[in-house]
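Reader: Hi! Could you walk me through this one?
Author: Happy to, let's have a look together.

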Amino acid sequence: MTETTRTTVTLSKTSMNQVEELVGVFGNTPASVISRIVEHFFDYGRFDDVLDKLRVKKREMYPPNEAIINRKITNLFKGANRIPFKDFIDYLEVDPHLILKNIHIWTEKYNIKIIENIVIKE
């Protein structure tokens with residue numbers, strides 16, 4: 001059986017009316033209809049661009065603390081000495097602007113350089 005977590009949602013009357021119309025067709029209860037709608041939103045890839053934009057916005061608004069970034073950079077270069085810049089950004093899970101803002105510090109601290117979109121550990 002799939003592991004689940006409970007939550008409470010509040011919907012407008014209009015949205016709840018739409019949910020009620022789907023009871024019996026898309027689920028047996030309003031909760032199961034809402035659950036299936038949310039699962040479709042995440043699972044079927046039609047909203048991946050929206051989710052990516054929201055993740056980027058969250059990274060801008062709430063950057064990780066310095067200790068997490070330090071640990072990730074240290075761990076990343078334990079197994080490699082050349083990493084594509086895009087993979088570096090993705091692994092750190094930070095806004096690219098944060099990297100550009102701090103790269104002058106990180107180059108000295110971690111002995112790295114960026115050459116032709118490759119992050120190189122010297």
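**Helix packing and salt bridges**

Author: This is a predicted model. In it, helix H4 (residues 66-76) packs with helix H5 (residues 85-92) at an angle of about 135°, and their axes are 10 Å apart.

Reader: Which way does the crossing of H4 and H5 go, left-handed or right-handed?

Author: The crossing of H4 and H5 is right-handed. The two helices are oblique to each other, because angles count as roughly antiparallel only when over 145 degrees and roughly perpendicular from 65 to 115.

Reader: Nice. Switching topic, how many salt bridges are there in the whole structure?

Author: A search turns up five salt bridges. One of them joins the side chains of Lys109 and Glu66, at 3.6 Å from N to O. Lys109 is in helix H6 (residues 96-110) and Glu66 in helix H4, so this pair ties together parts 43 residues apart in sequence.

Reader: And is Glu66 buried or exposed?

Author: Glu66 is exposed, at 54% relative accessible area, whereas Lys109 is partly exposed at 46%.

Reader: What about Lys86, which side chain does it meet in a salt bridge?

Author: Lys86 meets Asp90, at 2.9 Å from N to O. Both lie in helix H5, four residues apart, or about one turn of the helix. Lys86 is exposed at 57%, and Asp90 is partly exposed at 37%.

Conventions. Residues numbered from 1 in each chain as written. Predicted model: local features only at pLDDT ≥ 70, side-chain atom pairs only at ≥ 80, totals over all residues. Heavy atoms only, no water. Axes fitted to C-alpha atoms, helices over the stretch in contact; angles between N-to-C directions. Parallel < 35°, antiparallel > 145°, perpendicular 65-115°, else oblique. Left-handed = near helix turned anticlockwise from the far one by under 90°. Salt bridge = Lys/Arg side-chain N within 4 Å of Asp/Glu carboxyl O. Buried < 20%, exposed > 50% of the residue type's maximum accessible area, 1.4 Å probe, protein only.
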